[in-house]
Amino acid sequence: MSACAFPSLPTRARRSWTAWAVGLAVALAALVLVAPALRWLFWDATWVGQSRAACGPAGACWAMITARAPQILLGFYPAGHGWRVGLAVAMLAVGLAPLAWRRRAGLTMLTAPVGALACLALMGGAGILPSVPSAYWGGLALNLIVGAVSAIFALPIGILLSLARRSTLPVIRILASAYVEAVRAAPLIVVLFAAAVLVPLLIPPQWSLDKLTRAIVAITFFEAAYMAEAVRGGLMAVPQGQREAARALGLKGWQVLVFVVLPQALRTATPALVNSFIGLLKDTSLIYVIGVLDITGVLRNAVSDYAWQGLEPEAYIFVGLTFWLLCFGLSRWSAALERRAARAQGAPS
Amino acid sequence: MARRARAFAVCAALSLLTACGDPGSAVDGPPPKAVGVEGAPAVLGAAGAGQGRTLAAVRARGYLVCGVQQGLIGFAYADNTGRWRGFDTDFCRATAAAIFGRADAARFVPTSSTERLTVLQAGEADVLWRNTSATFSRDAKFDFAGVNYYDGQAFMVRRALGVTHAAQLNGARVCIQTGSTSELNLTDYFRAHKLTYEPVVFDTEDKARAAYGREQCDVYTADLSNLAAARATLARPDDHLILPEVISKEPLGPVVRQGDDGWGNVVRWTLNAMILAEELGVTSANVDAQRQHADNPEIRRLLGAEPGYGAMIGLSDDFAYQLIKQVGNYGEVFDRNLGAATPLKIERGLNGLWSAQPAGLIYAPPMR
């Protein structure tokens, strides 16, 4: 419409001129702005060394990242026991393996929590291996394990909550709604402080869990409220006709739910669930406030070492990049899932 | 059906499958230095532990657990190999040496400022060596086993200004974190001295520090240890001067649970022994010779050449010898972590010995 206001020049020609001009300007600006950044990030950067003294004055000092790679990945897990973190993560993976089999994916709801528990037990010693107190857990592995374990346990709780919110029994409905609304109104950092500072005052010491476990439990129940809302959206999107048709085929109430309604609801809810999981994964860095050294904490600790003093920019750029990679990967994965789900839906069964 | 059910679990989980590679592969890399995993799970002395119970629990466990900073330059940080270093961690190692005769029988739990006292109360640490200010309200619920660092708020200026005393700061622009205790102290100090200033406020200390670096203000004010750390990160540390006036009291010391005086004694006399050693000229280098040849009866009592003293607080008679030999006296620990040889270049000042010139506040009762 507005293009018609310039009748003197053919629209297409004018647009291409503008496009060229804008393109050129942007390219120039990029060259001016991005080139020095790239030089600092890569060309002038130092990659290997044991202290800041090894780094040149012009570029980034990535030597800190390479020199501390084990800490950044595993925290202060004792020497010679790093394999336990690897195995723990592998157990999580095995628990999630049914996802790869199209017909057995539902099993994940059962195997994933088992894997998550095994993973925590292995890192904690399980009474067989020497115990490693959670104060030694840390680094990126901790972000991943806290995020994954919380999500694995939050999903079933979230499903129950979303069903409770749609219950025909007013008491259950109101309780579930109150829980979801209350939790969603609280910032995670407040929930974590409560878990770290308030809970030990209310529970006798001999019953107390260690502070990382308390944090994982708190994050699980926090995340459950968000997942409940995502699942509720999915439930609302399942047409009433599906339920009626299932009942007409003679399925019982729970069979309708488990075999007809939930699978469709969860498929619809997948993007929202992934979205909330991405948020959760980034939020795991908040556990720094309860004294746990996750990837952010380990790097903040690193820059308090005389050897790496003043390298905050490198530390935060690295953390940002790591989280970006994780979250971008997740969102690509979610997109692929959606495409596959759309194909499955479109195909004749 | 099963195919569809996959969708939900995938979202929560698959990040893991991709993520699994990272920590797994790290196991092959150079592992962090041993913090040791032998021994029973940490079942520490319960809150409000009775007389001597904490010491017994620590002995039974085989290692001491100290709550430390999550990372504070000079005071507590991990080096490239994962070994904790710093002023506070050295005191923790000294406590372990006093109890076990082994400085390496110490383990460190990083704690945030919000939950450090909860960690102690819940028994997740035996003692906090974590620059905690002794205050009335904290002392009401916990016990401070001495002061190992007298901190306090001070001012930093650029040398080019030619200012050497706080009295010359009339009309200065001061970078300050808003809503902090430092801001209140600043207001009080300038009002009390009938000086004016122009506050340049920021919501975090980092920003205030950065603004000072950009010369948006003439003065930066914070606790002395923070000022020293800030100065060390500036482009030219030697161009900046920390003024001698200290306008607030922040006595930092080790914290223990109330109700176990015996344990308080162990921590207190770890610190006292280090102070006495400096006062008596006993260092990690000469402690063996002193123990054998010293005639000074106080040195003989301190190092266990005269028997019976360590036993009074449930330790072996050579507890002070062990901690001085393995960690050092107060001055050595100060110099190693904070002193002129480090980038922080903190002067002894208030943390000098009472007997030094000029005198400081570091003072220990006699070993008798």
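Q: How many residues of domain 1 of chain B are in contact with domain 2 of chain B?

A: Please keep in mind that this is a predicted model. Seven residues of domain 1 of chain B are in contact with five residues of domain 2 of chain B. On the side of domain 1 of chain B that touches domain 2, five residues are nonpolar, one is polar and one is charged. The assignment gives domain 1 of chain B as 53-150 + 251-351 and domain 2 as 153-248, and the C-alpha centres of these two domains lie 32 Å apart.

Q: What does the secondary structure of chain B come to, and what share of its residues counts as buried?

A: Chain B has 15 helices and 13 strands, and 52% of its 368 residues count as buried. Looking at the contacts in chain B with a separation of 6 or more, we find that 70% of them are between residues 24 or more positions apart.

Q: How should I read a sheet, and what is the strand order of the open sheet of five strands in chain B?

A: The general idea is that strands of a sheet pair through backbone hydrogen bonds, either parallel or antiparallel. In chain B, the open sheet of five strands has the order β10-β9-β11-β8-β12, with mixed pairing. Strands β10 (197-202) and β12 of chain B stand at the edges with a single partner strand each, so one side of each has no neighbour in the sheet. On average, neighbouring strands of this sheet are turned by 30° against each other, with direction ignored.

Q: Which helices pack on this sheet?

A: Helix α7 (residues 181-192) of chain B packs on the sheet and touches β8, β9 (172-177), β10 and β11 of chain B, and its direction makes about 150° with that of β9(B). Helix α8 (residues 205-213) of chain B also packs on the sheet, where it touches β9, β10 and β11 of chain B, with its direction at about 150° to that of β9(B).

Q: Is strand β8 of chain B mostly covered or uncovered, and which strands does β8(B) join?

A: Strand β8 (residues 153-158) of chain B is mostly covered, with five of its six residues buried. Five bridges join β8(B) to the antiparallel strand β11 (residues 219-223) of chain B, where D223(B) is the bridge partner of Q153(B). Three bridges join β8(B) to strand β12 (residues 240-242) of chain B, and these two strands also run antiparallel. Within this pairing, V157(B) stands opposite L241(B), while M156(B) stands opposite I242(B).

Q: Why does W84(B) count as buried?

A: W84(B) counts as buried because it has 25 C-beta neighbours inside 10 Å, and the cut-off for a buried residue is 20 or more. W84(B) is found in strand β3 (residues 84-85) of chain B. Beyond its neighbours within four places in sequence, W84(B) is in contact with V68(B), A76(B), A78(B), T89(B) and F108(B). Although W84(B) and F108(B) are 24 residues apart in sequence, they are 7.7 Å apart in space, C-alpha to C-alpha.

Q: How many residues has the largest nonpolar core?

A: In soluble globular proteins, nonpolar side chains tend to be buried together. Here the largest nonpolar core has 190 residues, and those with the most contacts inside it are C119(A), V149(A), A215(A), C66(B) and L323(B). Helix α6 (residues 139-165) of chain A gives the largest share of this core, 16 residues. Domain 1 and domain 2 of chain B both give residues to this core, so it lies between them.

Notes:
Residues are numbered from 1 along each chain as its sequence is written. Chains are lettered from A and ligands numbered from 1 in the order in which they are written. This is a predicted model: local features need pLDDT of at least 70, side-chain atom pairs count only at pLDDT 80 or more; totals for chains, interfaces and linings use all residues. A nonpolar core is a set of buried Ala, Val, Leu, Ile, Met, Phe, Trp, Tyr and Cys residues joined through C-beta atoms within 7 Å. A residue is buried if 20 or more other C-beta atoms lie within 10 Å of its own, exposed if 12 or fewer, and partly exposed in between; C-beta atoms are placed from the backbone. Helices (H or I, at least four residues) and strands (E, at least two) are DSSP runs, numbered from the N terminus. Domain bounds come from an automatic or database domain assignment. Two strands pair if DSSP finds at least two bridges between them. Two residues are in contact if their C-beta atoms, placed from the backbone, lie within 7 Å. Ala, Val, Leu, Ile, Met, Phe, Trp, Tyr, Cys and Pro count as nonpolar, Asp, Glu, Lys and Arg as charged, and the others, Gly among them, as polar. Axes are lines fitted to C-alpha atoms, for helices over the stretch in contact, and angles run from 0 to 180 degrees between N-to-C directions.
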